[in-house]
Amino acid sequence: MQVLFGGTFDPVHNGHVVMAESLARAFPGATVHVIPNRQPPHRVSQVSAEHRLSMLSMAMEGISQITVNAIELDRDGPSYTVDTLGALRERFGAEESLVLCLGADAVQVVDQWHQPEMLVELGHLCILNRANQFIEIPRILDAYQLTENLSDFSNKACGLLARLATPNVPVSSTEVRGLIAKQEPALPVPPKIADYICRHHLYQDTE
Ligand code: ATP
């Protein structure tokens with residue numbers, strides 16, 4: 001089973017690390033792909049994709065089952081999830097169980113995505129319910145078959161939807177960037193990421 005957890009990771013923070021660990025625990029034996037995306041044109045970071053990738057790799061290093069997958073950085077053009085799932089489907093074959101994990105924020109805007117109706121044929125969907133937030137599932141995802149049992153994901157390649165309750169670590173990358181701009185000494189990121197940010201003078205200008 002291949003579990004996909006994407007984001008901008010600008011920069012990676014403690015919430016992301018806890019989430020990756022939770023996914024590894026929730027899907028024993030699976031590989032969890034942590035996938036940094038290309039920046040959308042309307043949201044250009046001060047920090048290069050190389051730095052985001054280096055920090056993400058350092059933060060995830062040594063966590064079992066986790067691999068940082070640069071598939072979206074290696075591909076030109078926008079990071080459409082449907083293309084990423086399609087490429088992983090090709091790589092792992094028709095029988096492999098693929099699980100796309102989405103936070104509530106992403107699920108709520110999924111109908112604005114590129115070809116969202118194709119997702120169901122490419123993989124399963126796991127909705128991450130942080131802090132027990134319980135969101136309505138948009139109609140565009142109606143084709144998924146709801147299950148309460150995550151272990152069902154291993155019986156099929158695609159088409160199931162489940163919710164996963166995950167821990168609440170109240171931090172965002174936006175907050176981390178704000179703290180750096182204010183020169184706060186303590187950041188909610190792993191210590192080696194704080195060192196990296198400091199060494200490379202990242203996120204020093206206020207946005
Ligand atoms: P930004 O503040 O720049 O929007 P972010 O902190 O929300 O960033 P993203 O890179 O957009 O981080 O998130 C990547 C993934 O991590 C998303 O699926 C998101 O739901 C999840 N995530 C973000 N923050 C947390 C957190 N504190 N705990 C668990 N998961 C998180």
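How many helices and strands does the protein chain have? Colour the model by secondary structure and you can find seven helices and seven strands; here helices (H or I, at least four residues) and strands (E, at least two) are DSSP runs, numbered from the N terminus.

Before going on, some ground rules. This is a predicted model, where local features need pLDDT of at least 70, side-chain atom pairs count only at pLDDT 80 or more, and totals for chains, interfaces and linings use all residues. Residues are numbered from 1 along each chain as its sequence is written, and side-chain values use heavy atoms, leaving out hydrogens and water.

Now trace the chain along its sequence: the pattern reads β-α-β-α-β-α-β-α-α-β-β-β-α-α.

Along its principal axes, the trace spans about 50 × 35 × 30 Å.

Then select helix α3, residues 81-92, and pick out R89 within it. Is R89 buried or exposed? R89 is buried, yet has no salt bridge, meaning a side-chain nitrogen of Lys or Arg within 4 Å of a carboxyl oxygen of Asp or Glu. (Lys and Arg count as positive and Asp and Glu as negative; His and the chain ends are not counted.)

Last stop: display the neighbours of R89. Leaving aside residues up to four places away in sequence, R89 touches A94, E95, E96, L98, L122, G123, A157 and C158, where contact means heavy atoms within 4.5 Å.

Notes
Buried means under 20% relative accessible area, exposed over 50%, partly exposed in between (1.4 Å probe, protein chains only).
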